[in-house]
Amino acid sequence: MGRASAKAARLHPFGVRHHGPGGARSLLRALDALDPEMVLIEGPAEATPMLGYARDTSMVPPVALLTYAEARPKHAVFHPFAEWSPEWQALRWALAHDRPVRLIDLPATHRLAESLAKEDAESEGGEEEAEAKEDPAEPPPSEPAVVDETGSWVRADPIGALAEVAGYQDGESWWNQLVEEHEHAPEIFGAIELAMTTLRAVAGEDEDLHEQQREAHMRLACSKALNETAGPVAAVVGAWHVPALKSGAKAADDRALLRGLPKTKVTVTWVPWTYTRLARASGYGAGVVAPGWYDHLWRARGEGVVTGWLVKAARLLRAAGLDASTAALIEAERLAVSLAALDEVALPGLDTITEALKATLCAGEDLPLRLIHRELHVGQRIGAVGDAIPQNPLAQDLIRQQKATRLKPEALERSLGLDLRSESGLARSTLLHRLSLLRVDWGHLEDAGGSRGTFRERWTLRWDPECNVALAENLVYGTTVEAAAAGRAEAQALESSSLAQLSELVQSCLLSDLDAAARACVARLQAQATAGADVPGLMGAVVPLASVLRYGTARRIPVEALSLLIRSLVEQAVAGLVHACRNLDDDVAEDLRAQLEAFDQALVILDTATYLDHFDGALLRVAEDPQATALLQGFAVRRLYDRARVDPEVAAGHLGRALSPSVDPPRAGAWLEGFLARSGAVLLYDPKLLEIIDSWLVELEEESLVALLPVIRRAFSTLEGADRRLLMERLRAGPAAPAPAETSTAGEEAFRGAWPLYRVILGWEEAS
């Protein structure tokens with residue numbers, strides 16, 4: 001045997017699926033038998049210095065290596081590990097046996113540099129039809145991409161190709177049955193290598209340049225390791241890559257393939273990961289269908305696997321208030337074992353156990369199964385990395401504040417109620433609002449508009465690994481959560497010309513207890529409001545500021561300064577309202593109607609008579625302006641009528657003129673929609689208005705009625721079912737109750753003739 005052949009013979013590649021308990025157990029047996037001098041693992045090479053931190057007992061999988069571009073941290077790559085991932089067990093084996101361990105995949109710096117260059121090209125318009133940019137926070141796919149017709153299926157899903165040959169419908173169930181649900185002798189890896197070698201021969205040469213470069217880098221890293229050692233070297237890589245490591249490619253050719261690749265400065269750290277993000281349903285290319293099931297397989301063995309899983313399911317159902325009797329549990333196990341015997345397998349797999357659960361504990365219902373899938377199949381586990389792991393200063397500050405406020409990051413979505421009158425509740429709220437400013441989506445405020453104005457908030461919390469990337473993105477604004485939130489708010493204020501957005505920034509800064517940033521945003525808002533006459537923008541700016549004032553003593557709010565700002569915005573908006581409502585198309589008019597409604601509600605919240613007086617005066621001018629858009633005229637009359645600023649006779653006069661025969665039906669329909677939108681129940685309590693609308697509908701020509709029917713139905717769509725029935729009774733009774741001696745059937749006959757029309761208008765039937 002020549003020197004080169006002897007060197008190559010010392011390399012022992014182990015082809016694995018990136019996450020799986022059976023493969024991890026078999027790998028440990030193989031490593032014990034081989035006792036390698038060095039262990040190589042597929043992963044970004046620049047992350048090798050971080051591997052030693054896996055010795056720390058406070059690091060609890062699932063965790064992930066996070067690599068991000070220092071220039072723009074949003075460009076990032078995750079490489080996750082579960083406790084039952086073969087790569088993680090190989091790493092732990094090497095550390096426990098004091099063997100050198102390295103990551104040998106192509107450095108992420110090249111991929112991130114390409115991502116940065118692509119973003120720059122797209123922002124400069126260098127590519128007219130740029131491909132859709134892949135999510136930089138998503139982990140890379142575990143297998144080569146489809147590149148041709150003949151070998152595309154094999155290359156994209158080699159496990160699926162083997163499963164098809166074996167007669168299975170999908171690769172997941174086949175691989176589970178063959179590998180993950182059992183522990184094998186080291187010889188299993190020889191069989192996997194033979195299978196992948198055959199598949200690669202069928203698929204042909206891989207034309208994907210990135211995959212060629214990855215495998216070239218891995219071959220060079222293996223050669224370097226062999227040169228530095230005299231004993232065996234283990235290489236734990238994705239099964240597809242094993243034949244490439246033993247292909248005998250020339251080192252010169254590999255170096256040429258890697259020459260000139262772009263680079264960017266990167267940072268690597270460990271971050272917590274979650275089972276939800278390990279699941280294939282999350283979009284993770286190397287994900288597995290049921291991480292929770294794999295976790296159970298890792299911790300339980302033999303016959304205890306089935307019983308233990310069924311017990312977990314029963315406890316879960318009972319905790320949810322569902323029936324899960326012991327008898328049904330026993331029957332589920334018997335059925336699962338019987339089904340496995342029919343399939344000629346030793347132990348039931350997840351699919352078989354799930355079928356047995358549905359037939360017994362779930363009584364054939366899908367709803368309990370969905371609960372089991374979410375809580376058990378996928379699981380809610382989140383990992384931990386410990387204090388020893390070097391984090392960026394912003395992440396370190398957040399960890400300190402999480403401990404101080406006793407807010408533990410969890411993968412499971414949960415609801416959190418806060419009392420802002422308590423010191424702890426206010427501190428938690430402030431932290432969550434600051435993170436929202438940073439776009440770190442840990443918490444979402446429920447009923448944001450309704451809850452502000454009380455002393456309570458309710459948040460929905462769920463920590464995702466992407467929160468770590470979002471934190472890193474904000475390092476340019478500051479090294480603490482407070483400083484970064486303030487810096488980002490001020491930067492956004494300088495870049496924005498939208499009054500509504502600036503107002504929301506003021507609100508967010510005040511809720512985040514960022515006084516200096518709030519003042520900067522207020523100054524920017526005042527300057528923009530003075531410079532322009534954007535009435536919708538002015539109204540939109542008032543809405544969040546009015547909401548802020550509702551906090552009262554719960555927060556430190558500059559009430560006087562804020563009140564002066566709101567007064568200025570209201571006066572400018574009211575002054576320009578009439579002109580803003582003229583000659584608008586349908587979409588713009590509908591948007592402005594929604595803004596008017598929100599503005600009106602904000603003025604009611606402020607409870608300042610002067611504001612409402614000025615606004616109502618402007619609405620009256622809109623109602624009487626012949627150039628005003630009909631939808632907004634109807635809205636104006638309705639608001640004035642609801643607040644008793646116009647008498648019923650005056651409102652009826654506006655309605656009668658708007659629906660008179662001289663008015664085009666489309667304009668009349670739009671006016672009616674503006675008048676009735678959001679609350680058509682007014683017709684139940686005002687017979688005069690109902691009579692006018694009734695007469696207008698009856699007198700419409702058929703062609704006009706058909707054209708207006710969608711608008712009319714939309715105008716009546718807010719009526720509840722009971723109100724619709726009551727309205728029909730009012731119409732049946734007619735405008736007035738006649739004397740008994742003068743009873744006539746003419747009105748009843750007329751009603752019968754109009755009955756089909758009213759049913760269509762009220763949405764009980766479709767137009768024929």
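Predicted model: local features only at pLDDT ≥ 70, side-chain atom pairs only at ≥ 80, totals over all residues.
**Entry 1, D35.** I began with D35, which sits in the loop between α2 (21-34) and β2. Helices (H or I, at least four residues) and strands (E, at least two) are DSSP runs, numbered from the N terminus. I read a positive phi of about 50° for D35, although D35 is not a glycine. Its relative accessibility is 40%, so D35 counts as partly exposed. The cut-offs I used are under 20% relative accessible area for buried, over 50% for exposed, and partly exposed in between, with a 1.4 Å probe and protein chains only.

Residues are numbered from 1 along each chain as its sequence is written, and side-chain values use heavy atoms, with hydrogens and water left out. pLDDT is the predictor's confidence in each residue, from 0 to 100.

For residues 449-453 the model has 14 contacts beyond four places in sequence, a contact being heavy atoms within 4.5 Å. For residues 736-744 it has zero contacts beyond four places in sequence.

I counted 36 helices and 10 strands in the protein chain. Of its 768 residues, 50% are buried. Among contacts with a separation of 6 or more, 76% come from residues 24 or more positions apart.

I looked up N583, in the loop between α27 (577-580) and α28 (586-606). Phi of N583 is near 50°, again a positive value in a residue other than glycine. Is N583 buried or exposed? N583 has a relative accessible area of 62%, so it is exposed.

P62 lies in the loop between β2 (38-44) and β3 (63-69). I found a cis peptide bond joining P61 and P62, with omega at about 10°.

A nonpolar core is a set of buried Ala, Val, Leu, Ile, Met, Phe, Trp, Tyr and Cys residues joined through side-chain atoms within 4.5 Å. The largest one has 92 residues, and L525, L569 and L577 have the most contacts inside it. Helix α25 (residues 535-549) supplies the largest share of this core, eight residues. I listed what L577 touches, leaving out residues up to four places away in sequence: V535, L596, F615, A618, L619 and V622. A second, separate core has 46 residues, including A76, W84, A300 and L310.

How far apart are the axes of helix α14 (residues 304-319) and helix α16 (residues 350-359)? I read 11 Å, with a packing angle of about 45°. Axes are lines fitted to C-alpha atoms, for helices over the stretch in contact, and angles run from 0 to 180 degrees between N-to-C directions. Under 35 degrees counts as roughly parallel, over 145 as roughly antiparallel, 65 to 115 as roughly perpendicular and the rest as oblique. The two helices, α14 and α16, are therefore oblique to each other. On the α14 side the contact is made by V306, W309, L310 and A313, and on the α16 side by L350, I353 and L357.

I found A651 in helix α31 (residues 648-658). Its relative accessible area is 0%, so A651 is buried. V637 is 14 residues away along the chain, and its C-alpha atom is separated from that of A651 by 6.6 Å.
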